[in-house]
Amino acid sequence: MSFEAAYTGIDRLDRLSYGNTVVHRLDPRAKVVATMAFAVVVVSFPRYEVLSLLPCFLFPVLIAALADIPAGFIARKVAAVSPFAVFVGMFNPLFDPATVTIAPGVTVSAGWFSFASILVKFALTISAALLLIATTSFPGICRGLRRLGVPSLFVSQLLFLYRYLFVLTEEAMRVARARDMRSFGKRGTGVRVFVRIVGTLFLRTVERAERIYGAMLARGFRGEVPSMRREALRPSDAAFVLAAGSFFALCRYVPVPQTIGRLLRGLAG
Amino acid sequence: MHMADALLSPAVGGTFWAGTIATIGYASKKLKEHLDDRKIPLMGVLGAFIFASQMINFTIPGTGSSGHLGGGMILSILLGPHAAFLVLASVLTVQALFFADGGLLALGCNIWNLGIYPCYLAWPLIYKPLAGDGRNPKRVFYASMASAIVGLQMGAFSVVLETLLSGKTALPFTTFLLMMQPIHLAIGIVEGFVTAGVIHYVRAARPEILDSSASSAPLAVGISLRNVLIGFLALAIVTGGAFSWFRSARPDGLEWSIGRITGMKELPGQEDGVLAALKSVQEKTAVLPAYGFKPPENVPKGKKQESPAWPNVDAGTSVSGLIGGILVLAVAFGIGWIIRAFRRRTAP
């Protein structure tokens, strides 16, 4: 991923997260808990399961549709991070000694099923994680984490990181662009130049931190980032968690596609 | 080398999350004990710095491929282990959210693999003794190199272990290990070179930053041997816990690769437990036990008995499964499309 592409990706997710839809208005805690539960449920499916996982797609699809998140954008981001899972999974058809007869006379390695299962699980969990940040502002997630008991020091760390992420990334982007303009082809993009760039960026960062600290002291900083919001969970948040939880349980314990398929064939026959 | 949700089992993901949360709590507590307010913005901005410099690519000498910075050792040297760990954990959290590197369940594993090894093992046990007071550039160079390599090797080994314990991949242990370790040796060498270079640069330009942060400031109080031992103990307990869970719930995977390595079909004396566990798992998951495409837990059992995996193949039932699957997908995406179309029409 090029620097600019990665940066615009973050920027776009960040801007999407400040939308105002039903999903955006839910409490961050509810969304974090539901997304985490979704990941656990999806991952808990047995390694050869493919069909029974399909109903799970309803969760990310519903969230994306209700929150007006462009589906193509999420799909492209999912594809962009898939290499490691694909790389590890693609050996399953080769190394799995078990075989499956999918139709009379046609036998394939059971590894194809576990590979497909990994791909489906990957698409489900990653799209759910992306939709969480696309529908919840990062400071909102931090507030939620604080309420869920994450140490305040770590939450302050996350908030600071987010606050300066865009500032420093843009600075790094300017430096990298300057380097690329001066290095015709490969020259100048080596480790030595990189070390100096990182060193310079580091020093600028430290100086910036000193200025920030001075400015914060002047505004009464006492070691914690305060939040003015006092949010209580609303009935709609509880309803969301409840509905999501029962949907996940349904997907996990009832093989929906097979049941529907048998029902249809029963009707037809 | 980010771990991915899809390769994890809930037990392994949960175990590493527990270890990671405990370490975040420990590091926060340690840091609060002698916190200098000034470090809070510094840590935050340094997190953004690591994030930003990871996005700058450079050419790896001799190969023409490009690499980027990990930053674990640089942070440990500049901030001390506790602050470095929290900064790394925050960077990985933001990456997991904005880049979807790995997913939420795998985040626990990723913080563990990329944060704990450099900050709590490589820094106190390798960098500190080798680098001494950090004034000799040669010693700093070798110390950075060694600690970066060891930290990354442990991280890569951890990825292999987590993947195999989860049992989602059929990749044999040794094959996977032989793929992962050499790649990370190369990455470790580059990381060590960059770490040494940046430390050297900072020492030349602003020596007081290193002197204040790495040796004298209260923030960087050295880790005592006792704490390192406790850390190791925790590591052993966590991996032990993962092992036992895995034994009871997911017998295929590591045992299978152990079988490959030792040449034995299976480790003796586990048959009863494994089969019993399988049966109970199967009873729990198979709500409609009669459908033709049997629950996959049958496979390892079938494998062991050297009989076909899915014995009673009935074209009818697999067709009904397929029809159902396509229908469910169509309905799921259809609902999304309808909502979208409806919203578009009602939008002003």
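Guide: Start with one term. Two residues are in contact if their C-beta atoms, placed from the backbone, lie within 7 Å. Keep in mind that this is a predicted model.

Now take chain A. Among its contacts with a separation of 6 or more, 76% join residues 24 or more positions apart. The secondary structure of chain A comes to 13 helices and two strands. Its C-alpha atoms fill a box of roughly 75 × 55 × 30 Å along the principal axes. The radius of gyration of chain A is 24 Å, whereas a compact globule of 269 residues would come near 18 Å. As for burial, 45% of the 269 residues of chain A count as buried.

Next, zoom in on a pair of helices. Two packed helices are described by the angle between their axes and the distance between the axes. In chain A, look at helix H3, residues 28–43, and helix H12, residues 235–253. Their axes come within 10 Å and cross at roughly 5°. Angles under 35 degrees count as roughly parallel, so H3(A) is roughly parallel to H12(A).

Which residues make the contact between H3(A) and H12(A)? From H3(A) come A:Ala30, A:Val33, A:Ala34, A:Ala37, A:Phe38 and A:Val41. H12(A) answers with A:Asp237, A:Phe240, A:Val241, A:Ala244, A:Gly245, A:Phe248, A:Cys251 and A:Arg252. By type, the residues of this contact are 11 nonpolar, one polar and two charged.

Now turn to where chain A meets chain B. Chain A gives 105 residues to the contact, and chain B gives 101. On the side of chain B that touches chain A, several elements give two or more residues, including helix H1 (10–33), helix H7 (173–205), H4 and helix H13 (315–346) of chain B. H13(B) supplies the largest share of that side, 17 residues. By type, the side of chain B that touches chain A holds 66 nonpolar, 24 polar and 11 charged residues.

Stay with H4 of chain B, residues 81–98. It has 18 residues, and at 1.5 Å a residue they should span 26 Å. The end C-alpha atoms of H4(B) are 25 Å apart, which agrees. Is H4(B) enclosed or open? Of its 18 residues, 18 are buried, so H4(B) is largely enclosed by the rest of the structure. After H4(B) comes B:Ala100, whose phi is positive, near 55°.

Notes
Residues numbered from 1 in each chain as written. Chains lettered and ligands numbered in written order. Predicted model: local features only at pLDDT ≥ 70, side-chain atom pairs only at ≥ 80, totals over all residues. Axes fitted to C-alpha atoms, helices over the stretch in contact; angles between N-to-C directions. Helix = DSSP H or I, 4+ residues; strand = E, 2+ residues; numbered from the N terminus. Parallel < 35°, antiparallel > 145°, perpendicular 65-115°, else oblique. Nonpolar A, V, L, I, M, F, W, Y, C, P; charged D, E, K, R; others polar. Expected span 1.5 Å × (residues − 1). Buried ≥ 20, exposed ≤ 12 C-beta atoms within 10 Å, placed from the backbone. Rg over C-alpha atoms; globule rule 2.2 N^0.38 Å.
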